[in-house]
Amino acid sequence: MKGLLLVVCLLGASTAAYGAVTGDSSTGRLQKQCRKALAVMKPESGSADSDLDPELDFYSVGHCTGYVTGFIELYKTLVDDDMLSDPAICFPENLDTEQAWEVFLKWVDDHPDMIREHRMWGLAGSFSEAFPCKEGENP
């Protein structure tokens, strides 16, 4: 759990400027961006929004992709460099970006009370629930 807190703190420091500019660094905002990203990248997903704005949607794709991928890569790097002594998340080897979006979106749908929390807590919660490390497992 300490490792998860470290990831959240590091990502929080790196994204503070974005939240200051937009005024919203919530799980709910990332949820909207990832839902739009999924609709753009996988129209068959059923995430389509009737008022999609192509310019904003590509921004959403980029932001959601960057933020989710950044979280995953930072976490894996900290684990690989032995900076997390007790990892809470064991990502599968074959996890792709769209699957990560779907995990996050389903988790937020199941935890609507978290939409006002910082987006890092939403990602941490979704991934630790979907990909928990088993006792003695080395991610």
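The disulfide of Cys-90 and Cys-133 is right-handed, because the torsion about its S-S bond is about 110°. The two sulfur atoms lie 2.0 Å apart, a disulfide being a pair of cysteine sulfur atoms within 2.5 Å. Cys-90 is located in the loop between H3 and helix H4 (97–110) and Cys-133 in the segment after helix H5 (119–130), so the bond ties together parts separated by 43 residues in sequence. Helices here are DSSP runs (H or I, at least four residues), numbered from the N terminus. Cys-90 is buried, its relative accessible area being 9%; buried means under 20% relative accessible area, calculated with a 1.4 Å probe on protein chains only, whereas exposed means over 50% and partly exposed lies in between.

The model is predicted, with local features requiring pLDDT of at least 70 and side-chain atom pairs counting only at pLDDT 80 or more, while totals for chains, interfaces and linings use all residues. Residues are numbered from 1 along each chain as its sequence is written, and side-chain values use heavy atoms, without hydrogens and water.

With the bonded cysteines numbered in sequence order, the pairing reads 1-2, 3-4.

Helix packing was examined for H4 and H5. Their axes come within 9 Å and cross at roughly 100°, which makes H4 roughly perpendicular to H5. Axes are lines fitted to C-alpha atoms over the stretch in contact, with angles from 0 to 180 degrees between N-to-C directions; angles of 65 to 115 degrees count as roughly perpendicular. The contact (heavy atoms within 4.5 Å) involves Ala-100, Val-103, Phe-104 and Trp-107 of H4, together with residues of H5 including Trp-121, Leu-123 and Phe-127. The contact residues comprise 8 nonpolar, 3 polar and 1 charged.

The 12 residues of H5 should span 16 Å at 1.5 Å a residue, and the separation of its end C-alpha atoms, 16 Å, agrees. The expected span is 1.5 Å times one less than the number of residues. Among the buried residues of H5 are Arg-119, Met-120, Gly-122 and Ala-124.

Key. Helices (H or I, at least four residues) and strands (E, at least two) are DSSP runs, numbered from the N terminus. Angles under 35 degrees count as roughly parallel, over 145 as roughly antiparallel, 65 to 115 as roughly perpendicular and the rest as oblique. Ala, Val, Leu, Ile, Met, Phe, Trp, Tyr, Cys and Pro count as nonpolar, Asp, Glu, Lys and Arg as charged, and the others, Gly among them, as polar.
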